Amino acid sequence: MFKRNSKMIMLLITVMVMSIWLAACGTKPAGENGTATETETQTEAPTERKLTDAMGHEVTIPANPERVIASYLEDHLVTLGVKPVAQWSVANGIQEYLQKDLNGIPTIAFDLPFEAVTSFNPDLIIIGSESVVEGEKYEQYSKIAPTYVLGEEINSDWRKTQLKIGEILNKSAEAQKALDDYEVKATEIKEKINNVTGGTKSAAAIWLVSGKFFIVSDNVSSGEVMYKELGLVEPEVVKEISANATGNWSSISMEKLAEMDVDYLFFVNSDEGTGSEALKDPVWQSIPAVKNGNLFEFTRSSSWLYSGVQANLQIMEDIQSSIVK
């Protein structure tokens with residue numbers, strides 16, 4: 001009796017084992033039918049990468065840079081949700097238009113003194129132009145932290161700069177989305193402005209600094225936004241000055257201001273509170289936009305001298321709020 005029961009038990013065990021084995025053989029491993037395995041569903045952890053910069057340096061980019069210095073490139077960092085360890089500054093100020101995101105971030109001088117850079121213990125330095133690291137400066141910076149130079153070709157085009165910094169920080173998808181969203185917003189604002197102007201109204205942007213007037217070139221910063229992004233008409237005076245410009249902005253004489261037959265004038269007053277005596281000049285008062293009440297004034301804290309997603313969007317919104325009532 002015991003032997004017979006033992007045989008029955010062994011038979012049942014054998015059948016159970018065979019059933020489990022057959023079931024396992026008949027089941028495809030996860031992933032073969034399009035279902036991701038546990039390993040496949042895990043996000044790949046960022047790894048250290050090697051990128052070649054504009055000067056031919058092979059730069060080892062940390063897997064997760066957390067202490068970035070990218071002086072005068074902060075607009076692009078903010079767009080990617082990255083806060084630098086220090087922000088650009090000059091003797092008379094900082095990029096005030098970014099302070100909603102950079103408030104409290106320590107400043108560093110625009111020429112990036114080695115001692116100051118070292119004190120912030122960066123794990124990545126991004127430099128805009130080759131001229132910043134001329135001579136032996138690159139070697140000095142690279143001893144402090146991996147140093148990537150964008151180069152003038154990239155640095156002179158804010159869109160290319162945004163994409164390159166996205167690549168460096170392993171945020172290419174975020175950079176492209178930011179540009180795509182920007183184009184949508186620019187198109188939306190352009191349409192609203194054209195509904196008012198009919199695409200025939202001219203505009204110019206003027207700065208008053210220490211009693212002198214300046215005008216930005218037509219292919220950078222607010223010039224690019226007004227004429228290329230939003231389709232406002234460029235006055236002949238602006239075309240002439242831009243054609244002969246040696247920098248991003250140029251001084252403009254009272255004689256040229258007298259020729260400024262413009263419908264809308266956007267005015268950044270850096271002399272606000274110090275008298276602004278130049279504004280009392282009859283030539284200034286004779287400009288059509290001034291006479292007709294189409295002078296729109298902004299403070300030096302505005303973004304009108306800068307470029308990038310953040311700067312350009314703020315300029316567009318300033319123009320829209322001025323023209324579209």
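The model is predicted, so local features need pLDDT of at least 70 and side-chain atom pairs count only at pLDDT 80 or more, while totals for chains, interfaces and linings use all residues. Residues are numbered from 1 along each chain as its sequence is written, and side-chain values use heavy atoms, with hydrogens and water left out.

**Overall build**

- The protein chain holds 15 helices and 13 strands; these are DSSP runs, numbered from the N terminus, with helices being H or I of at least four residues and strands E of at least two.
- Of the chain's 325 residues, 41% count as buried. Buried means under 20% relative accessible area, exposed means over 50%, and partly exposed is in between (1.4 Å probe, protein chains only).
- Contact means heavy atoms within 4.5 Å. Among contacts between residues at least 6 apart in sequence, 63% join residues at least 24 apart.

**Nonpolar cores**

- In soluble globular proteins, nonpolar side chains tend to be buried together.
- A nonpolar core is a set of buried Ala, Val, Leu, Ile, Met, Phe, Trp, Tyr and Cys residues joined through side-chain atoms within 4.5 Å.
- The largest nonpolar core has 48 residues, and those with the most contacts inside it are Ile 206, Phe 213, Met 260, Phe 266, Trp 284, Trp 304 and Ile 319. Strand β9 gives the largest share of this core, 6 residues.
- Leaving aside residues up to four places away in sequence, Ile 319 touches Ile 193, Val 225, Met 226, Leu 230, Leu 232, Phe 266 and Trp 304.
- Another core, of 32 residues, lies apart from the largest one; among its members are Ile 61, Ile 69, Leu 124 and Tyr 148.

**Salt bridges**

- Side chains of opposite charge can pair when their charged atoms come close. The rule for a salt bridge is a side-chain nitrogen of Lys or Arg within 4 Å of a carboxyl oxygen of Asp or Glu, and by this rule the count comes to 11.
- Glu 229 and Arg 159 form one of them, at 2.7 Å from N to O. Glu 229 lies in helix α10 and Arg 159 in helix α8, so the pair ties together parts that are 70 residues apart in sequence.
- Glu 229 counts as buried at 10% relative accessibility, whereas Arg 159 is partly exposed at 22%.
- Both residues also belong to a network of salt bridges that links Arg 159, Glu 183, Glu 224 and Glu 229.
- Lys 164 and Glu 167 meet in a salt bridge at 3.0 Å, N to O. They are 3 residues apart in helix α8, about one helical turn, and Glu 167 is partly exposed at 29%.
- Lys 192 and Glu 188 pair at 3.6 Å, N to O; both lie in helix α9 (residues 172–197), 4 residues apart. Lys 192 is partly exposed at 35%, and Glu 188 is partly exposed at 33%.

**The largest pocket**

- On a 1 Å grid over the protein atoms alone, a pocket is an open set of points where a 1.4 Å probe fits, with protein on both sides within 12 Å along at least five of seven lines; lining residues have an atom within 4 Å of a point.
- The largest pocket has a volume of about 1,400 Å³, where volume is the space filled by probe spheres set on the points, and points are joined across faces, edges and corners.
- It is lined by 48 residues, of which Tyr 72, Trp 88, Asn 248, Leu 305 and Tyr 306 are the closest to its centre.
- Helix α8 gives the largest share of the lining, 3 residues.
- The lining divides into 22 nonpolar, 18 polar and 8 charged residues. Here Ala, Val, Leu, Ile, Met, Phe, Trp, Tyr, Cys and Pro count as nonpolar, Asp, Glu, Lys and Arg as charged, and the others, Gly among them, as polar.
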